[in-house]
Amino acid sequence: MSASPLVLPPVRLLPVDDLAQLALAVPLLDRALRLARWAAPVRVVDAMGELLDADLVAAAEELGLAAGEAEDEDGLGETAQAWAVAVDTGLVELEIEEEAEESTPPGEAAGRAVPGEAYERVTAGAPQDVLEVWLAAAEAALAEAASPDIEHLRDVMDDGDVPGADEHDWDPDEEAEFLDTALANLYTLMALDDATETSQGAVPLPVLAASLVVPDEMEQPSDAVLEEVTEVMMRLDDHFRLLAPSGLLDYQPVDEALIEEDEAAGAPEPGEELDPDEISRYGLVRLTPLGVHGLRELLVDAGASAPLVGDLAGATGTELLDALAGYPDQAARTEAELWLKDRKPVDAARELLAAARGDDEAAPGRRLMCQQTLTLVGAEAEPALREVLDDRQLGGLARVWLTESGASDVPTPDADMIFWLTIDTLAAQLAADDDTELLSDLVRDLVARHDGFFDAAWRVEHPATADVLEAMGRLHPDRRAAKDARKAAFKARSRDGA
């Protein structure tokens with residue numbers, strides 16, 4: 001994978017033993033292992049390290065790929081691929097004299113192949129060794145997908161055509177970068193899907209293609225952009241068909257009949273409502289649990305930040321809250337549960353509340369994460385919450401927690417505390433770049449519930465007051481209320497001397 005400064009959402013991996021079992025069942029690795037076993041104690045190879053014709057036929061029979069004359073050519077091709085994977089991963093090691101390599105014609109004996117050190121490691125059964133060899137096989141598959149054999153692609157496609165692939169204008173480096181980016185986007189889309197495990201639902205191919213083409217700020221894609229989305233879909237279709245046996249992903253290909261039926265229509269527009277059956281016809285792709293592990297390894301090696309859920313179990317309260325502000329909801333909840341697991345509730349609450357204090361730009365986000373994390377803490381934490389009832393920054397969220405926990409004798413907050421907590425919460429949600437439509441509804445309802453909201457809000461002594469009011473002016477659907485919000489923001493800035 002190419003070097004990347006990506007910061008990716010957290011994922012949760014299956015246990016390493018489970019991943020190793022999945023790896024051993026992957027067709028790509030399974031065939032290579034069987035050939036390495038079959039090659040013992042030694043097999044003759046040509047100068048390129050390939051099997052001689054007679055041994056290639058025998059290897060195909062070993063893999064069950066030589067069932068009949070009509071299938072011999074395909075079976076031999078798949079067997080040759082499996083042998084190449086065995087060599088690339090070190091499951092098979094070649095011993096070819098340099099002189100023989102230079103002087104022996106292809107197809108004639110020039111050396112020998114023996115089971116390699118990687119084969120010994122895999123058969124020893126250490127899960128991490130199994131995963132390392134599988135990942136080497138997956139990397140070989142990625143390299144092949146970026147430089148596909150055109151004839152093989154034609155064989156894969158029912159109509160013998162190669163959509164999106166031009167034999168005379170194929171740049172392997174460009175395709176490798178394109179495929180790397182597509183897989184990183186798929187990783188991100190699945191991580192943001194808010195599932196608790198690595199079995200997230202498949203991503204429609206048009207959604208993945210749009211993530212590569214449509215600019216974030218473009219609300220309505222142009223016809224030219226939609227046409228490009230369709231072209232990218234077909235490029236991805238080519239690649240994913242080739243990658244399916246690698247264990248990296250599960251792929252339901254594009255229904256070619258759909259493209260033939262309505263080629264001019266191309267892909268559905270991003271956001272277009274389609275029923276599930278119709279969506280599936282455009283192709284569906286998901287990283288397997290093994291693929292999530294493998295792709296994460298490649299992304300980390302390339303310099304990306306790709307955290308795991310559970311990484312923060314030993315973190316400080318401040319580190320936890322800062323990180324959770326950028327996590328998807330379910331991942332944040334799971335991470336918080338793991339952090340709380342080995343801590344006493346009252347001690348955990350005190351640490352979180354201390355971490356939530358501050359007037360810095362990230363503080364509202366920490367307080368919002370603190371409030372959400374405290375919902376997972378039991379009643380034993382009540383003393384810690386009562387200790388901060390008079391704290392300007394924490395008193396409001398402490399009252400919310402105590403009330404929702406059914407505590408008695410909870411002091412009623414004064415108006416200043418209510419408005420301060422409102423501004424603080426909105427500042428956190430705006431910093432998180434939450435859904436604009438949902439924020440707009442929240443702002444409208446908030447203003448509707450409080451007469452004279454803006455007259456009171458601009459007086460709130462919070463570092464983000466002016467910014468929040470300005471944002472409310474952009475978000476409120478009513479023109480007059482929006483104008484009042486902007487006036488209030490001006491008053492707040494004037495008061496602060498800004």
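Mentor: Start with one term: a residue counts as buried when its relative accessible area is under 20%. Keep in mind that this model is predicted.

Trainee: Which residues of H24 are buried?

Mentor: They are Thr465, Ala466, Val468, Leu469, Ala471, Met472, Gly473 and Leu475. To read such a list, recall the general idea. An α-helix has 3.6 residues a turn, so residues three or four places apart point the same way.

Trainee: What do the buried residues of H24 pack against?

Mentor: They pack against four helices: H21, H22 (436-449), H23 and H25 (479-496).

Trainee: What share of the whole chain is buried?

Mentor: The chain has 498 residues, and 46% of them count as buried. Its accessible surface comes to about 25,000 Å². Carbon and sulfur atoms own 48% of that surface.

Trainee: How many helices and strands does the chain have?

Mentor: There are 25 helices and 6 strands. Contacts tell you how the chain comes together. Take those with a separation of 6 or more: 69% of them are between residues 24 or more positions apart.

Trainee: On to aromatics. How many aromatic pairs are there?

Mentor: The structure holds 4. To read one, look at the distance between ring centres and the angle between planes. Planes over 60 degrees apart make a pair edge-to-face. Trp38 and Trp83 have ring centres 6.5 Å apart and planes at 90°, so they are edge-to-face.

Trainee: Where in the chain do Trp38 and Trp83 lie?

Mentor: Trp38 is in helix H2 (residues 27-39) and Trp83 in helix H4 (residues 69-88). They are 45 residues apart, and the pair links distant parts of the chain. Trp38 and Trp83 are both buried.

Trainee: What kind of pair do Phe419 and Phe453 make?

Mentor: Their ring centres are 5.5 Å apart and their planes stand at 45°, so this pair is tilted. Phe419 is in H21 (residues 415-431), and Phe453 is in H23 (residues 453-457). The two are 34 residues apart, again linking distant parts of the chain. Both Phe419 and Phe453 are buried. Ring pairs also bring in Phe454, giving a cluster of Phe419, Phe453 and Phe454.

Trainee: Which ring does the charged end of Arg343 sit over?

Mentor: The ring of Trp339, at 3.9 Å from its centre. Look at Arg235 too. Arg235 lies over the face of Phe178, 3.8 Å from the ring centre.

Trainee: Now the sheet. In what order do the strands of the open sheet run?

Mentor: First the general idea. Strands of a sheet pair through backbone hydrogen bonds, either parallel or antiparallel. Here 3 strands form an open sheet, ordered S1-S3-S2, with antiparallel pairing. S1 (43-45) and S2 (92-96) stand at the edges with a single partner strand each, so one side of each has no neighbour in the sheet. On average, neighbouring strands are turned by 35° against each other, direction ignored.

Trainee: How many bridges join S1 to S3?

Mentor: There are 3 between S1 and S3 (residues 111-115). In this pairing, Arg43 stands opposite Ala113. S2 and S3 pair over 5 bridges. There, Ile96 has Gly111 as its bridge partner.

Trainee: What is the phi of Asp409?

Mentor: It is positive, about 55°, although Asp409 is not a glycine. Asp409 sits in the loop between H20 and H21. Asp409 is exposed, with a relative accessible area of 69%.

Trainee: Last one. Where is Arg392 found?

Mentor: In the loop between H19 (382-386) and H20 (395-404). Arg392 is partly exposed, at 43% relative accessible area.

Trainee: Which residues is Arg392 in contact with, leaving aside its neighbours within four places in sequence?

Mentor: Asp359, Trp420 and Glu461. Compare sequence and space for one of them. Arg392 and Trp420 are 28 residues apart in sequence, and 8.3 Å apart in space, C-alpha to C-alpha.

How values were computed
Residues numbered from 1 in each chain as written. Predicted model: local features only at pLDDT ≥ 70, side-chain atom pairs only at ≥ 80, totals over all residues. Heavy atoms only, no water. Phe/Tyr/Trp six-rings, centres within 6.5 Å; stacked < 30°, edge-to-face > 60°. Buried < 20%, exposed > 50% of the residue type's maximum accessible area, 1.4 Å probe, protein only. Lys NZ or Arg CZ within 6 Å of the ring centre and 35° of its normal. Contact = heavy atoms within 4.5 Å. Areas by Shrake-Rupley, 256 points an atom, 1.4 Å probe, with all protein chains shown as cover. Pairing = 2+ DSSP bridges. Axes fitted to C-alpha atoms, helices over the stretch in contact; angles between N-to-C directions.
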